[in-house]
Amino acid sequence: MAQSKSQAGKVEILVQNDRLRLRWSWIKSLGGDGRRYVLPLGLPDTPVNRKVAQTKAQIIEQDLATNHFDPTLNKYRVQQSTTRLTVVALFERYIEAKTPHVYKSTLIIPGLAVTS
């Protein structure tokens, strides 16, 4: 199936193997090099991730129009969290968040010391 050409300065949101990616050309009339760019977002095709893709596309389109485009694409990549959270740390955060909303007796567990 042939895909239509996109308009100059417009970023297309595409789905390949249920993953979102962006595609556009940085044409010479916009100060570019005439190359086609593809940015795989690494996100599954969901309504929330589509909104992320639309936001990224708008940022790229704005940068193309104002000559602030980053040809390395580093500015546009989806930032993945590098912080790892252990189960114990997650449970401690959960207890901390729930503590103000439960009776104190709920927090008393035999053999477990609870501070606060």
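Start with Ile13. Its relative accessibility is 26%, so Ile13 counts as partly exposed; buried means under 20% relative accessible area, exposed over 50%, partly exposed in between, with a 1.4 Å probe and protein chains only.

A word on the source. This is a predicted model: local features need pLDDT of at least 70, side-chain atom pairs count only at pLDDT 80 or more, and totals for chains, interfaces and linings use all residues. Residues are numbered from 1 along each chain as its sequence is written, and side-chain values use heavy atoms, with hydrogens and water left out.

Back to Ile13. It sits in strand E1, residues 12-16. Strands (E, at least two residues) and helices (H or I, at least four) are DSSP runs, numbered from the N terminus. Setting aside residues up to four places away in sequence, Ile13 touches Leu20, Arg21, Leu22, Arg50, Ala53 and Gln54; contact means heavy atoms within 4.5 Å.

Now the layout. The chain has two helices and three strands. From the N terminus, the order is β-β-β-α-α. Of its 116 residues, 23% count as buried.

Next, the largest nonpolar core. That term means a set of buried Ala, Val, Leu, Ile, Met, Phe, Trp, Tyr and Cys residues joined through side-chain atoms within 4.5 Å. This core has 16 residues; Leu22, Trp24, Leu39, Leu41, Ile60, Phe69 and Leu73 touch the most other members. Strand E2 (19-25), strand E3 (36-44) and helix H1 (47-65) each supply at least two of the core's residues.

Last, Trp24. Beyond its neighbours within four places in sequence, its contacts include Lys10, Arg35, Leu39, Ile60 and Leu73.
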